[in-house]
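Reader: I am new to this structure. Could you show me how to read it, feature by feature?

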Amino acid sequence: VRNARYLVCGVLALLAIALPGAANATHDGTPYWFWRGYLPTAGDVYTKHHEGGCCTNWIVTRMSWEVGTHDMRFIFITSGGAWHGFWANTGPQGCCVTWDDEAVLDQPYYRRSGCQNPPEHFGWWPVWTNCHTRNTLG
Amino acid sequence: MTSKVRNRRSVVAVAVLCVAAMVTGVSAIAAGSAGGTPSTSTAAATWTPGGQLPGIPLGASRPSARVASGVQAAVAISRRRVSIDPGSVREVVASEVVGGLGMRVITARAVGGEACYAMVTNRGGARSFHCFSSQSGGGALLRYAASGGTVIGNVEWVNLVGFARSDVARVTLVTQSGNEQDLSLNRWRGFRYSSQSKEAFPAALRAYEANGSLIQELPTLP
C-alpha cells in the first residue's frame, strides 16, 4: 500500500511539472513565446518569425508588446518568400494602446509568421515584444 | 449644546460647503475645456447609429467559403477575450485585392450585446475581434492597414480598408508626397485605398465633420 501511495504521488508530481509545460509549448516543443525580447535586436533584426507547423489549415500569430510609442506589425511569409504585414493598431482605441492581439492566415499558402518593428520606419526605438506562432485556432 | 460648540459646527459646515463649491467649480472648468475641442458634436458620435450594427448581414453578401472560414477563425481566436455571436456578423466594406490579399471589415455582436469589429481576408484569414465599448479615448476612424512585398523590409504595396464613426462626413488620405485626396464612402461610411506606387503610399487618414472641421488625423503608414 505504501509503495502504491509513493507511485501515485510520484505520478502526480510528474504531471504537475509536465502539464503546464505542455500547455505552453508549441507544436515543435518551443516555448509558448518563440521570441521574447527587444525588436529591433542589438544586431538590427527587426522581424522575428517562426515555422507555422504542419497539418492544419491555420497559422496563428499572437503578439504582445510594450505600448505607447508606435505601432507594430504582424508578419506572414508565404512559401514563395513574399511577405504580408498587418499593422496591429486599427484606430478606435487611439494610437498604440493595444498591447495584445492575434491574427490568423491560411496554410499552406503561408509557412511562417511572426512579429515586426517595421524596419522601413527608421528611427523608431526598440519595443519589448513577445511573439507566438501556432497552428490551432484555440 | 453651548453656543461655542454651535459656532464651531457652523464654521465646519461653511468650510465643507466652500470646499465642495471649489471642487465643483474646478470640475466645471475642466469639463468646459475638454468640451472646447474642435469636434463639438461628439455627443452624437457613435459606431452603431440607431443602435444598429453597420454593414449587411454576411449571409446576404454571399461570402465565399474562404471568407466564411475567416469569420470562423476570427470568432475562434477571439474567444479568450470576447464571445461573439456568429449569427450577427455583418460586412461593412471590402478592399481591393492587392498582392494577392483582399480584406473585409466585419462587425458582430458579442454575446453580451456589445458591438465588435474584426477583419477577414480573401484567403480565409482574420484579425481577432475587438469591441467598441471596451475602449476609451477612441478615435473616429477604424482601419486595417496591410502591406507586403517580396523582400522583408521593402514595402511594394499597401492595401487598407475601414469605416468611420457617425459624426464623420468626409475621409481623406494624405500620401507620402503630401497630397490629400478624398476617399469615397459607402452607406456605412466604409472606405478603401490601395497603391503599388511609393509616392502614393499613405501617410495619414483624416476625418472631417460636415462643417469641415477636422475630427482626427490617424497616422497610417505603408
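Reader: Which residue is the bridge partner of A:Ala103 in S5(B)?
Author: Strand names come first: helices (H or I, at least four residues) and strands (E, at least two) are DSSP runs, numbered from the N terminus. Two strands pair if DSSP finds at least two bridges between them. Here, the bridge partner of A:Ala103 in S5(B) is B:Arg127. S6(A) and S5(B), residues 126–131, pair in the antiparallel sense over two bridges.

Reader: What kind of model is this, and how are residues and chains labelled?
Author: It is a predicted model, where local features need pLDDT of at least 70 and side-chain atom pairs count only at pLDDT 80 or more, while totals for chains, interfaces and linings use all residues. Residues are numbered from 1 along each chain as its sequence is written, chains are lettered from A and ligands numbered from 1 in the order in which they are written, and side-chain values use heavy atoms, with hydrogens and water left out.

Reader: In what order do the nine strands of the open sheet run?
Author: The order is S1(A)-S8(A)-S3(A)-S6(A)-S5(B)-S4(B)-S3(B)-S2(B)-S1(B), with antiparallel pairing. S2(B), residues 90–94, and S3(B), residues 103–109, run antiparallel and are joined by four bridges. There B:Arg90 stands opposite B:Thr107.

Reader: Which helix packs on the sheet?
Author: Contact means heavy atoms within 4.5 Å. For directions, axes are lines fitted to C-alpha atoms, for helices over the stretch in contact, and angles run from 0 to 180 degrees between N-to-C directions. Helix H2 of chain B (residues 65–78) packs on the sheet. H2 of chain B touches S3, S6 and S8 of chain A, together with S3, S4 and S5 of chain B. Its direction makes about 50 degrees with that of S5(B).

Reader: How many salt bridges cross the interface of chain A and chain B?
Author: A salt bridge is a side-chain nitrogen of Lys or Arg within 4 Å of a carboxyl oxygen of Asp or Glu. The rule finds five across this interface. One of them joins the side chains of A:Asp106 and B:Arg66 (3.4 Å, N to O).

Reader: How many salt bridges does the rule count over all chains?
Author: The count comes to 14. Take A:Glu51 and A:Arg112, whose side chains meet in a salt bridge (3.1 Å, N to O). A:Glu51 lies in S2 of chain A and A:Arg112 in S7 of chain A, so the pair ties together parts 61 residues apart in sequence.

Reader: Where are the cis peptide bonds?
Author: Most residues other than glycine have a negative phi, and most peptide bonds are trans. A cis bond joins A:Leu39 and A:Pro40, with omega about -5 degrees. Another cis bond joins A:Gln107 and A:Pro108, with omega about 5 degrees. A:Pro40 is in the loop between S1 and S2 of chain A. A:Pro108 is in the loop between S6 and S7 of chain A. A:Asp44 also lies in the loop between S1 and S2, and its phi is near 65 degrees, a positive value.

Reader: In what order do the four strands of the open sheet in chain B run?
Author: The order is S9-S8-S11-S12, and the pairing is antiparallel. S9 (180–183) and S12 (214–219) of chain B stand at the edges, each with a single partner strand, so one side of each is left without a neighbour in the sheet. The twist averages 25 degrees from one strand to the next.
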